[in-house]
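Here are my notes for a colleague opening this structure for the first time. Please keep the model in view while reading the points.

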Amino acid sequence: MDSKSLYAKAQTLMPGGVNSPLRACKYVNSQPVFIENAKGAHLFDVDGREYVDYVFSWGPQILGHQDPAVSAAAHAAIDLGSSYGAPCLGEIALAEEISKLIPSMEMMRMVSSGTEATMSALRLARGYTGRNKFVKFIGNYHGHADAFLAAAGSAAATVPGTPGVPEEVTRHTLLAQYNDLDAVKAHFEAGGDDIACVIVEPVAGNMGLVLPKDGFLQGLRDLCTRYGALLIFDEVITGFRLSPGGAQVRFGITPDLTTLGKIIGGGFPVGCYGGKREIMEHMAPVGGVFQAGTLSGNPVAMAAGLATLKRLGECDYEALEARTFKLTDELAAIMREKGRAVSVNRIASAFTMYFNDGPVTNMIESGNSDADAYAAYWQQMLAQGVYLAPAGFECAFTCFAHTDEDFEKTLEAARKVRF
Ligand code: PMP
């Protein structure tokens, strides 16, 4: 069956034909292609077409698809049994490696998704401090737990009012614009004694890519310390992407708790939260804050994650960043030659090209990007074999398997785009 017929069938079985909303390609006025397999930096669909990938499963596949070492580790783990529900060696090996690379994570808990990681970190922050409120940034996305679905980014930004989330639950969610330290300060001045934590994407990746302004993250660190609140870095995207130690090591700012996902599972379902030992020991069975999971610490995911982190130790992050900057410089120049106003935010192997003049420093400015222009660009790039995120408010990823030919093909396609 081709993608078109599969999509028709899928819509009879799943809402919108998909298991996660953005995959339906609604925000680029299009329909999804169905992927049959993927290798390196390339996707192959059921219609026999090949694409240069810039999504990489929304981040996990930083080494490219089917990295031989990761595949071998996953296969070897499966041969030992796919899930035990009892402690296994892989959990220790991955936790040790993470702790080595991100020293603030003295202790951690493995879970099965980024959503579980952030939800659990918030519960821990509340349980630890005995406070209810927390600060979150407009346009940041921390998964789909109720408390975070207030002015969330990514696909959640497209669901007005988010039915199903009682107002009583988001009443404790205090909002601020990203990069607006004064707004956070005002929340603390108004009621700092009841703020359990500030949760932030240290580089935002769910309203397009948005970088923290100088002093923003340090300012959050200082406010949290002053008021006895915890600082949570949601590094589900930035962990092991911005540097081998994520955003916190790259920027030199230490949060109390960190959430991870995506890359640390090597393409298998995983999440993780961790931080200071003294805080983490408030989790059951040592402390009273509860969280559990049937598949937590799954041996296949642990093995794939560990193999990924080991492989990343051999990768040249700076070289990939330089290549990504060159690619985005050229992409932007091509669009400007066509008379389109564009601005690019980028760091390491992540970028967003906004269809506006920029600068883009928060959700308001990101929202000014021309969605119709992005849709036209996306459709024509797809038709020429370039697979970008099917929404202008997501970021694009490069990976260690991208070749110069892949980038050249991308630029060639961009040159042919008509608005
Ligand atoms: N936090 C951030 C920063 C994310 O980008 C995401 C997912 N894109 C999540 C949390 C939730 O992760 P998951 O989709 O694995 O539940």
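1. Phe419 sits in the segment that follows H14. Helices (H or I, at least four residues) and strands (E, at least two) are DSSP runs, numbered from the N terminus. Phe419 has 13 C-beta neighbours inside 10 Å, so Phe419 counts as partly exposed. The cut-offs: buried means 20 or more other C-beta atoms within 10 Å of a residue's own, exposed means 12 or fewer, and partly exposed is in between, with C-beta atoms placed from the backbone. Phe419 touches Lys338, Arg340, Ala373 and Ala376, leaving aside residues up to four places away in sequence. Contact here means C-beta atoms, placed from the backbone, within 7 Å. From Phe419 to Met381, 38 residues apart along the chain, the C-alpha atoms are separated by 12 Å.

2. A word on the source. This is a predicted model: local features need pLDDT of at least 70, side-chain atom pairs count only at pLDDT 80 or more, and totals for chains, interfaces and linings use all residues. Residues are numbered from 1 along each chain as its sequence is written.

3. Next, H14 itself. Helix H14 (residues 404-415) and helix H11 (residues 317-337) have axes that come within 9 Å and cross at roughly 10°. Axes are lines fitted to C-alpha atoms, for helices over the stretch in contact, and angles run from 0 to 180 degrees between N-to-C directions. H11 and H14 are therefore roughly parallel to each other. Angles under 35 degrees count as roughly parallel, over 145 as roughly antiparallel, 65 to 115 as roughly perpendicular and the rest as oblique. H11 brings Leu327, Glu330, Leu331 and Ile334 to the contact, and H14 brings Phe407, Thr410, Leu411, Ala414 and Arg415. By class, six of these residues are nonpolar, one is polar and two are charged. Ala, Val, Leu, Ile, Met, Phe, Trp, Tyr, Cys and Pro count as nonpolar, Asp, Glu, Lys and Arg as charged, and the others, Gly among them, as polar.

4. The axes of helix H6 (residues 181-191) and helix H7 (residues 216-227) come within 10 Å, crossing at roughly 10°. That makes H6 roughly parallel to H7. Leu181, Val184, Lys185 and Phe188 of H6 meet Phe216, Gly219, Leu220, Leu223 and Tyr227 of H7. The contact has seven nonpolar, one polar and one charged residues.

5. On to the sheets. Two strands pair if DSSP finds at least two bridges between them. Strand S2 (residues 42-45) and strand S3 (residues 50-53) run antiparallel, joined by three bridges. His42 stands opposite Val52 in S3.

6. Another open sheet has three strands in the order S11-S12-S14, with antiparallel pairing. S11 (343-347) and S14 (396-397) stand at the edges, each with a single partner strand, so one side of each lacks a neighbour in the sheet. Two bridges join strand S12 (residues 350-354) to S14. Phe351 faces Ala396 in S14.

Methods
Two residues are in contact if their C-beta atoms, placed from the backbone, lie within 7 Å.
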